[in-house]
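Here are my notes on this model, for reading beside the coordinates. Please go through the points in order.

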Amino acid sequence: MAVHEHPQQRTGFHLSARHRVGTSAESGTAQALAAMSTSARVLAGIRVLTGFIFLWAFLDKAFGWGYATSSGKGWVDGGSPTKGFLSGVSAGPMESTFHSWAGAGWANWLFMLGLLSIGVALTAGVALRFAAVAGTAMMGLMWMAEWPPARHASDGSLSMSSNPLVDYHLLYAAVMIALAVASAGTVWGLGRIWARLPVVRDHRWLL
């Protein structure tokens, strides 16, 4: 007795191979765009938080809000935003240099203008390249002032350094450089408007 095999009949709706590939590509593109959007928001959040650190430091030192700067000892009250920190430098190859800078009028102005301009640039999402350069220079000088590589201060006491190479100053500098490279001012910021200004279009280093 012969056995006859009949092909199985398939019912139901099936996508063509071309349609499946197209749908998969569209899905992949949508996922990539969603990931980019999420990354942009994360960078924007980091940018705003970093900017607020600089803005708060400026405001507290300017008006003596009673946190790092005691009430009545703000810059507007005649206090010096650099004297306490720089005169307290106790290690490193620039110790005597920083002592000579402590409380100088030019040092106070440069420090405060640096804090304000970096804070505004980061918070608003404009001039991120300037903020990265100025912020890195400021953080580098502050790293030199604290001099983490030293195990002992100049008076022989322990420096209490938690890491001989990398501290929060270098971390802040790396964050600002990353924000500038990623052009992180377009989300939750004025980066797009800033980039369209004629002076910025003519001088791209202002981005």
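1. Fold. Along the sequence, the protein chain reads α-α-α-α-α-α-α-α. That is eight helices and zero strands. Helices (H or I, at least four residues) and strands (E, at least two) are DSSP runs, numbered from the N terminus.

2. Ground rules. This is a predicted model; local features need pLDDT of at least 70, side-chain atom pairs count only at pLDDT 80 or more, and totals for chains, interfaces and linings use all residues. Residues are numbered from 1 along each chain as its sequence is written, and side-chain values use heavy atoms, with hydrogens and water left out.

3. Confidence. pLDDT is the predictor's confidence in each residue, from 0 to 100. The protein chain averages 89, and 84% of the residues score at least 70. Helix 4 has the highest mean, 98, and helix 1 the lowest, 81. Residues 1-15 fall below 50, and beyond near neighbours in sequence this stretch has one contact in the model. Contact means heavy atoms within 4.5 Å. Where pLDDT is low, the predicted coordinates should not be read in detail.

4. Main core. A nonpolar core is a set of buried Ala, Val, Leu, Ile, Met, Phe, Trp, Tyr and Cys residues joined through side-chain atoms within 4.5 Å. Buried means under 20% relative accessible area, exposed over 50%, partly exposed in between (1.4 Å probe, protein chains only). The largest core has 21 residues; F54, L115, L122, M138, M139 and M176 touch the most other members. Helix 1 (17-63), helix 4 (105-124), helix 5 (128-146) and helix 6 (168-181) each supply at least two of its residues. Another core, of five residues, lies apart from it and includes L86, V89, F98 and A102.

5. L115. Leaving aside residues up to four places away in sequence, L115 touches F54, A57, F58, K61 and M138.

6. Helix 5 against helix 6. Their axes come within 8 Å and cross at roughly 170°. Axes are lines fitted to C-alpha atoms, for helices over the stretch in contact, and angles run from 0 to 180 degrees between N-to-C directions.

7. H169. Is this residue buried or exposed? H169 counts as buried because its relative accessibility is 0%. H169 sits in helix 6. Its contacts, not counting residues up to four places away in sequence, are M139, M142, W143 and E146.
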